[in-house]
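Visitor: Hello! I would like to learn about salt bridges, using one structure as an example. Could you show it to me?

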Amino acid sequence: MPDERRMHLGLTIWPTGFHPAAWRLPGSHPDGNSNPALLRQAAQTAERGVFDFFFIGDRLVGLTQSQFANPNEVLRPEALTLASYIAGVTERIGLITTVNTTYSDPYNVARATATIDHLSNGRIGLNIVTGKNVEAARNFGRDQHWDNDRRYDWAAEYIQVLQLLWDSWEDDARIADAGTGQFVDPDRVHKIDFAGEFFAVEGPLNVQRPVQGLLPLVNAGASERSRELGAQYSDLRFTNSSTLGLAGARAYYADLKARLPRYGRRADEQLIVPGIAVYVEETDAQAREQYSTLQQLLRPGPAGRQRLSEALGIDLSGHPDGARLRDVVDLDSLSDGARDAVTTATELYGHDDPTLHDVTAALVRGSMFKEVVGSPTHVADVLEEWFTTGAADGFMIFPPRVPYNIDRFVELVVPELQRRGLHRREYTGTTLRDHLGLARPVNRFSAAVAGVAP
């Protein structure tokens, strides 16, 4: 490519598989959330595929009622701990870990993440979430989960404290002069004296400034507050815009980029990375067989059937799962939106005679992130179209089965993307900021002394 623009690829780890039925297949790992060998293998495979980062989500509650729709929400490894482990078993890949700002303290998080950044030689990033479960509130001694505005007001202040603490040591504050015995220059270590609506933090941190200066920040969410928080602070925006279709994703991408200038930022200073679930095999037929096998194990239940009824505008509650859609629905009479839902399902399965279960399963899974099913060429075609037409700067890859679909993506899709000049063949930098193409920020205290803008 003339401008050498490359896709930014991240692998998100749902250890029992992004597909909720994946753990039921022979050779899968129902203990994935606590299996160090599996987690190590997943990260090292992504590193072999020259991914920008390994993404670690988090959840503060374990709800057993989620086991059929999202078993990974029942058991979840603590994200900062897992990031430390992955840092020790990899060498080059970036690591993005998650913290829930509503239920944590910025000093502790600044300290932990700065430590991990040093131990990983500058490979850690931080995904900011504000939570959604009232059960989490009750785990932390609160009666209610805060409303959206309060959570985002709190998160904005939290980020300010994090960044001030990371900057509280200037880069050259530790002088370690053996001749004089002076270990640090106290004029280069700063109290932050932050006093806001929610936090009062004196500082400084007791960890040196991170290798990357400030850790790259990530956030997600479609609300207006989420978009504005991201425009002001995030280096990478993780989105589910893939569910909007290509045209919708382009509009979403344009909206996010257009918000940056009012915070003094350029469009290339934030990356937009939608999530995509990829089922890839050497042929389209083999990939569709894999997809169908997993979908047949899904249990959408009455709620899933209700969603299909609403999507098609027809009450389908009285029909069995195995009924063929064309036998119970007049396809020619469907609205354009309903017809699109059916078309999406038939393309994923590779035939035009799906059952009610087939279409329900496709609708339920596709509402989370776009699903791509096919050969390496087909998968690369889809990713390239989104990347080159203003819908994405890269992708968060969700493997339906772990580690199987990680291996297949790296073995089959990565070489095709490299052949097309869309993906790097080797790491050219050492830090996550390097991988993302982001400059290392100047320390704000050093900049103030020098009289320049940070």
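Visitor: Is Arg227 buried or exposed in this model?
Guide: Keep in mind that the model is predicted. Buried means under 20% relative accessible area. Arg227 has a relative accessibility of 17%, so Arg227 counts as buried.

Visitor: Which residue does Arg227 meet in a salt bridge?
Guide: The N to O distance of this pair is 2.7 Å. Arg227 sits in helix H6 and its partner in helix H7, so the pair ties together parts that are 28 residues apart in sequence.

Visitor: Which residues are joined with Arg227 and Asp255 into one network?
Guide: Here we follow salt bridges that share partners. Besides Arg227 and Asp255, they join Glu224, Glu228, Arg259 and Arg262.

Visitor: How many residues apart are Arg408 and Glu281?
Guide: Their side chains meet in a salt bridge, 3.0 Å from N to O, and both residues are buried. Arg408 lies in helix H14, while Glu281 is in the loop between strand E11 and helix H8. This pair links distant parts of the chain, and the separation is 127 residues.

Visitor: Which residue forms a salt bridge with Glu202?
Guide: Glu202 is in the loop between strands E8 and E9, and its partner is in the loop between strands E6 and E7, so the pair ties together parts that are eleven residues apart in sequence. The closest N and O atoms are 3.8 Å apart, and the partner is Lys191.

How values were computed: Residues are numbered from 1 along each chain as its sequence is written. This is a predicted model: local features need pLDDT of at least 70, side-chain atom pairs count only at pLDDT 80 or more; totals for chains, interfaces and linings use all residues. Side-chain values use heavy atoms; hydrogens and water are left out. A salt bridge is a side-chain nitrogen of Lys or Arg within 4 Å of a carboxyl oxygen of Asp or Glu. Helices (H or I, at least four residues) and strands (E, at least two) are DSSP runs, numbered from the N terminus. Buried means under 20% relative accessible area, exposed over 50%, partly exposed in between (1.4 Å probe, protein chains only).
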